[in-house]
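Here is a short briefing for a first look at a protein model. Start by viewing the sequence and the structure.

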Amino acid sequence: MPDSGTADQLPDIEERQLKRLIDGVVDFAIYMLDTEGYVRSWNTGGERIKGYTRDEVIGTHFSRFYTPDDIASGAPARGLRIARAEGRFTAEGWRVRKDGSAFHASVVIDPIWQDDVLVGYAKVTRDITDRLEHQERLEQSRDALLQSHKLEAIGKLTLGLAHDFNNLLNIIINSLELVDHYTMQPKAKKHLQGAMRAAERGALLTRQLLTFGTGRVLVSERHSVATVIHDAMDTLRRACHDGVTLHARFDDDLPGIDVDREQLEAALLNLVSNSRDAMPAGGHIAITATLRDCALPHAADAPPSRFICIQVSDDGEGIPVEDQARVFEPFYTTKEVGKGSGLGLSQVFGFARQSGGFAELKSASGEGTTVSLCLPVPRDSE
């Protein structure tokens, strides 16, 4: 027959072991609340996650861990009420550490009953901020990949159409030149010249389409970005109407890059023209060029590389969020009918991709738009 004293000691031993076990958990804040929500116990995990020592937190209300907005909405009391009524409360949300910093928490509250009487609550909190940030990065990568695949598919379709259209235009232009050579009547020559200008405009559009679809061969040579921008400033300023100011700022020691100068100048002109059109009442356009170490957005698994990023920024009205994912598609434009072909940004996108770089857009309503044209720096130029 066991000794009665030893039997009486067993609950105390088990209680001490349980306390040591709970106190040794560092990845979870595990603590008890009384029926009103005041903290009655505290473990090492609570101190590590929330920053409070046992002496600082015992006897205080657990609402101190909530954000001001959650406190104002009655979230702490609601959690206790649901736990009491349904047997458990689980949630995820933002909580506040002692130093004021926020973390994303997974929370479980269980009611503790004794002889059908509520005596308190057991509360477990886990910091899942890293998981949330990982999910956000994963979603951003997935969205970027889907957008890249979408633009690639549009580019292949555009490329085929542009080649066929370009062949037809070549026949039309050659025929118009031949007719113009044999026609002497001034009236007929006037109509022929109008038709020729229209055909040449069509040829320009097909070149922009071919650039988007990476079907045009680039003639790349080593150039200084600063020199290209400086030499193009007169043309870019003439593209701006009265009331729009333009200035460029860049480091003088930027490395040279291998780029098709004509296409780079065309891309700059497209970007400045778009910014100009976004500010009919006037405004300011800034061109900057900086070095940037990053991975290609459409090849996030690739190691970071060095790029020169040319940014064209304006202080116009900005582009609506729902339109931003489509701005690089050919023929898509936020301008009124007849005021844009929708090929300017697609040329910029195609030129960037064909040059081994990328283009990106950032815009906010009422805060203007910035388009970045990022081109790779050759290793022998770093």
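The notes below cover the overall build, the aromatic rings and the cysteines.

This is a predicted model, where local features need pLDDT of at least 70, side-chain atom pairs count only at pLDDT 80 or more, and totals for chains, interfaces and linings use all residues. Residues are numbered from 1 along each chain as its sequence is written, and side-chain values use heavy atoms, with hydrogens and water left out.

**Overall build**

- The protein chain has eleven helices and eleven strands. These are DSSP runs, numbered from the N terminus (helices: H or I, at least four residues; strands: E, at least two).
- Of the 382 residues in the protein chain, 38% are buried. Buried means under 20% relative accessible area, with a 1.4 Å probe and protein chains only.
- Contacts are heavy atoms within 4.5 Å. Among those between residues at least 6 apart in sequence, 60% join residues at least 24 apart.

**Aromatic rings**

- Rings of Phe, Tyr and Trp (its six-membered ring) pair if their centres lie within 6.5 Å; planes under 30 degrees apart are stacked, over 60 edge-to-face, and the rest tilted. By this rule there are six aromatic pairs.
- Trp 42 and Phe 65 are stacked, because their ring centres are 5.6 Å apart and their planes are at 20 degrees. Trp 42 lies in the loop between β1 (28–33) and α2 (44–50), and Phe 65 in the loop between α3 (54–57) and α4 (68–72), 23 residues apart. Both are buried.
- Phe 307 and Phe 358 form an edge-to-face pair, with centres 5.4 Å apart and planes at 75 degrees. The pair links strand β9 (residues 305–314) to strand β10 (residues 358–364).
- Tyr 31, Trp 42, Tyr 52 and Phe 65 are linked into a cluster by ring pairs.
- The charged end of Lys 50 sits over the ring of Phe 65, 3.8 Å from its centre. Such a charge is NZ of Lys or CZ of Arg within 6 Å of the ring centre and within 35 degrees of the ring normal.

**Cysteines**

- The structure holds one disulfide, a term for a pair of cysteine sulfur atoms within 2.5 Å.
- Cys 309 and Cys 374 form it, with S to S at 2.3 Å. The link is right-handed, with 115 degrees about the S-S bond. Cys 309 is in strand β9 and Cys 374 in strand β11 (residues 368–376), 65 residues apart.
- Cys 309 is buried at 1% relative accessible area, and Cys 374 at 0%.
- The sulfur of Cys 294 is 5.7 Å from the closest cysteine sulfur, in Cys 309, so the two are too far apart for a bond.

Definitions and conventions:
Buried < 20%, exposed > 50% of the residue type's maximum accessible area, 1.4 Å probe, protein only.
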